[in-house]
Amino acid sequence: MNTLIDDLLSLARTGMVEVKFERVPLVELVDEIKGELAPQIDTRKIEWVVSGLPVVEGERSLLRIALFNLLANAVKYTRKVENARIEIGSGGTRDGFAEIYVRDNGAGFDMMYADKLFGVFQRLHSEREFEGTGVGLALVQRIVLRHGGTIRAHGEPGKGAEFSFTLRVGEESGARVD
Ligand SMILES: Nc1ncnc2c1ncn2[C@@H]1O[C@H](COP(=O)(O)OP(=O)(O)OP(=O)(O)O)[C@@H](O)[C@H]1O
Ligand SMILES: [Mg+2]
């Protein structure tokens, strides 16, 4: 119940706060989050492949919540596979927005229900199979949209899932045209 209330509170909050943009090196967030997820990973072995993450423009605390939820999902939904592998990287930059992906080789999901994933309390796995409240991705989507980006999900049952989203890349200092 506490988790549920915490989740709802952070969902409500992202609708209210003004986004204060700063330059955020995503690789720093990933390193911090991996540390936070250590208790969930426990004795499991996960192969992490982190490469080419950009510096983006956004509010650090919100981007952290978004990335945390995506990585926590990747850790959770690979729990039953032997050689868990989680990849986080960038598919390049277009029109000032970098595409960032979080990919795993876990339980995956049926693309038929892909549009449901981002709804509040929408879950594609049973509580018995994988615990959760169904709020994480709704939060992630709201944060990405508030940053002017887009997000989409791709999955295949038994093969894995990929979430890719766009965020504005941080401008080089001095290169800004006001
Ligand atoms: N990496 C993933 N692999 C497979 N299915 C996923 C993955 N991430 C999310 N899903 C599916 O999307 C649903 C919604 O995800 P979401 O993060 O919102 O909820 P949750 O993880 O079930 O609970 P919560 O994040 O609130 O603890 C999940 O219940 C699961 O069915
Ligand atoms: Mg989740």
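Here are some numbered notes on the predicted model shown above.

1. First, the conventions. Because the model is predicted, local features need pLDDT of at least 70 and side-chain atom pairs count only at pLDDT 80 or more, while totals for chains, interfaces and linings use all residues. Residues are numbered from 1 along each chain as its sequence is written, chains are lettered from A and ligands numbered from 1 in the order in which they are written, and side-chain values use heavy atoms, with hydrogens and water left out.

2. Let's start with the core. The largest nonpolar core has 44 residues, and Leu67, Ile100, Val102, Phe163 and Phe165 touch the most other members. Such a core is a set of buried Ala, Val, Leu, Ile, Met, Phe, Trp, Tyr and Cys residues joined through side-chain atoms within 4.5 Å. Buried here means under 20% relative accessible area, with exposed set at over 50% and partly exposed in between (1.4 Å probe, protein chains only). Two or more residues each come from α2 (26–36), α4 (60–77), β4 (84–94), β5 (97–104), α5 (136–146), β6 (151–156) and β7 (160–168). The largest share, nine residues, is given by α4. These elements are DSSP runs numbered from the N terminus: helices are H or I with at least four residues, strands are E with at least two.

3. Not counting residues up to four places away in sequence, Leu67 touches Leu26, Leu29, Val30, Ile33, Val102 and Phe165. Contact is taken as heavy atoms within 4.5 Å.

4. Next, the strands. Two strands pair if DSSP finds at least two bridges between them. β4 and β5 run antiparallel and are joined by eight bridges; β5 and β7 also pair in the antiparallel sense, over eight bridges. Strand β2 (residues 46–51) runs parallel to β4, with six bridges between them. As for β5, six of its eight residues are buried, so the strand is mostly covered.

5. Val50 has Ile88 in β4 as its bridge partner, and Ile88 in turn stands opposite Val102 in β5. Arg94 is partnered by Phe97 in β5, while Arg103 stands opposite Glu162 in β7. The hairpin of β4 and β5 has two residues between the strands, and Asp95 takes a positive phi near 50 degrees there.

6. Now the ligand. Around ligand 1 there are 20 residues, the closest being Asp104, Arg123, His125, Thr133 and Leu137; a residue is near a molecule or strand if one of its heavy atoms lies within 4 Å of it. Arg123 places a polar side-chain atom 2.6 Å from an oxygen atom of ligand 1, and Thr133 has a polar side-chain atom 2.6 Å from an oxygen atom of the ligand. From Leu137, a backbone N or O atom lies 2.8 Å from an oxygen atom of ligand 1. Taken alone, ligand 1 exposes 590 Å², and the protein buries 95% of that. Those areas come from the Shrake-Rupley method with a 1.4 Å probe; for residues, only the protein chains shown count as cover.

7. Where is His125 placed? His125 sits in the loop between β5 and α5. With 17% relative accessibility, His125 counts as buried. A polar atom of the His125 side chain lies 3.2 Å from the backbone oxygen of Gly108. Leaving aside neighbours within four places in sequence, His125 is in contact with Tyr77, Ala107, Gly108, Phe109 and Phe130.

8. Ala114 lies in the loop between β5 and α5 and is buried, with a relative accessible area of 14%. Ala114 and His154 are 40 residues apart in sequence, yet 7.3 Å apart in space, C-alpha to C-alpha.

9. Finally, helix α5. Its buried residues include Gly136, Leu137, Ala138, Leu139, Val140, Ile143 and Val144. Val144 has a relative accessible area of 3%. Leaving aside neighbours within four places in sequence, Val144 is in contact with Gly149, Thr150, Ile151, Phe165 and Thr166. Val144 and Leu62 are 82 residues apart in sequence and 8.9 Å apart in space, C-alpha to C-alpha. Just after α5, Gly148 takes a positive phi of about 85 degrees.

Key:
Polar contact = N/O pair within 3.5 Å; in protein donor to acceptor, adjacent residues only side chain to side chain.
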